Amino acid sequence: MTILITPQNRHRYATELDGVYRLRHWTFNEWLGWGLAQREGREVDPYDDEAIHFVKLADDGEVLSCWRAMPTTRPYMTLEVYPEVFGDREPPVSPDIWELSKFCTARYRLKDDKAATYRIIAEMTVAVTEFCVAYGVTELLSVQSAVVTRVANMFLGEPIWTGPTVWPGDTDATLYSYEPSLMQAHVLRARHGLAAGPSLDHFDVLGLKTVAA
């Protein structure tokens, strides 16, 4: 099951959010060794409270994958932490353009099962895409290192804009811009055998109106 945790409903998902922060700590600090700030084994930053979290849960409730999204009308990580990745492009401030960040999967549970890993990535991408189409999000920004870009493009499609590659630390960073596409979601469903219909258990996003509303 994939759930959507918003600033408005996060009080109902304390356990799941704790799992998100623990998974992020394991991914970014223990596995990748990035040394991000953490509190008692949980990687949390100032943008989490106002963000939307897409969370894939196993049948036993463990967090298998998570992805964070937030509109560029609020302070967002790319602009404030990695402004150099915009190059000559004016950093967007628009309700139609959102930032994606902090994607990770529970590699320690999935081991080397590439098919299962790719299926989860596909499910998460479809969830994000359907959300974007429902709420009129036309562009997604994602800062990535070269090592993950090939996989990202497999699921999000070819980027519509690419910024300069910079080196804010030991890892390269490039800003990629993607256009959410239902066609891409249909392709992912067919390729990975995902059931038709909404990938999220609900769209509980108070304060946002769907395109059809």
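Trainee: What relative accessible area does D18 have, and how is D18 classed?

Mentor: D18 has a relative accessible area of 24%, so D18 counts as partly exposed. (Buried is under 20% relative accessible area, exposed is over 50%, and partly exposed lies in between, using a 1.4 Å probe and protein chains only.) One caution before we go on: this is a predicted model, where local features need pLDDT of at least 70 and side-chain atom pairs pLDDT 80 or more, while totals for chains, interfaces and linings use all residues. Numbering runs from 1 along each chain as its sequence is written, and side-chain values use heavy atoms, with hydrogens and water left out.

Trainee: Which side chain meets D18 in a salt bridge, and at what N to O distance?

Mentor: The general idea is that side chains of opposite charge can pair when their charged atoms come close. The salt-bridge cut-off is a side-chain nitrogen of Lys or Arg within 4 Å of a carboxyl oxygen of Asp or Glu. For D18 the partner is R22, at 2.9 Å from N to O. R22 is partly exposed, because its relative accessibility is 41%.

Trainee: Why are R22 and D18 separated by about one helical turn?

Mentor: Because R22 and D18 sit four residues apart in helix α1. The element names come from DSSP runs numbered from the N terminus: helices are H or I with at least four residues, strands are E with at least two.

Trainee: How many salt bridges does a search of the whole structure find?

Mentor: The search finds 15 salt bridges. Some of them are linked in a network, which takes in R24, E43, D45, D48, R68 and K102.

Trainee: Is R189 buried or exposed? And E130, buried or exposed?

Mentor: R189 counts as buried, since its relative accessibility is 11%. E130 is buried as well, at 15%.

Trainee: Now backbone angles. Which phi value does E40 show?

Mentor: Phi of E40 is near 50 degrees, which is a positive value in a residue other than glycine. You'll find E40 in the loop between α1 (14-31) and β2 (52-57). With 71% relative accessibility, E40 counts as exposed. K111 also has a positive phi, near 55 degrees, and again this is a residue other than glycine. K111 sits in the loop between α3 (107-110) and α4. At 59% relative accessibility, K111 is classed as exposed.

Trainee: How many cavities of 30 Å³ or more are there?

Mentor: One. On a 1 Å grid over the protein atoms alone, a cavity is a set of points where a 1.4 Å probe fits but cannot get out, and lining residues have an atom within 4 Å of a point. Points are joined across faces, edges and corners, and volume is the space filled by probe spheres set on them. The largest cavity holds about 50 Å³ of space. Its lining is made up of T125, T129, L140, F155, L156, Y178, E179, P180, S181 and Q184. The elements giving two or more residues to that lining are α4 (114-134) and α5 (146-156).

Trainee: How far apart are D96 and G33 in sequence and in space?

Mentor: They are 63 residues apart in sequence and 34 Å apart in space, C-alpha to C-alpha. D96 is in the loop between α2 (77-81) and β4 (97-105), and is partly exposed at 35% relative accessible area. V133 lies in helix α4 and counts as partly exposed at 33% relative accessibility.

Conventions. 1 Å grid on protein atoms, 1.4 Å probe; cavity = no way out; pocket = protein on both sides within 12 Å on 5 of 7 lines; lining within 4 Å.
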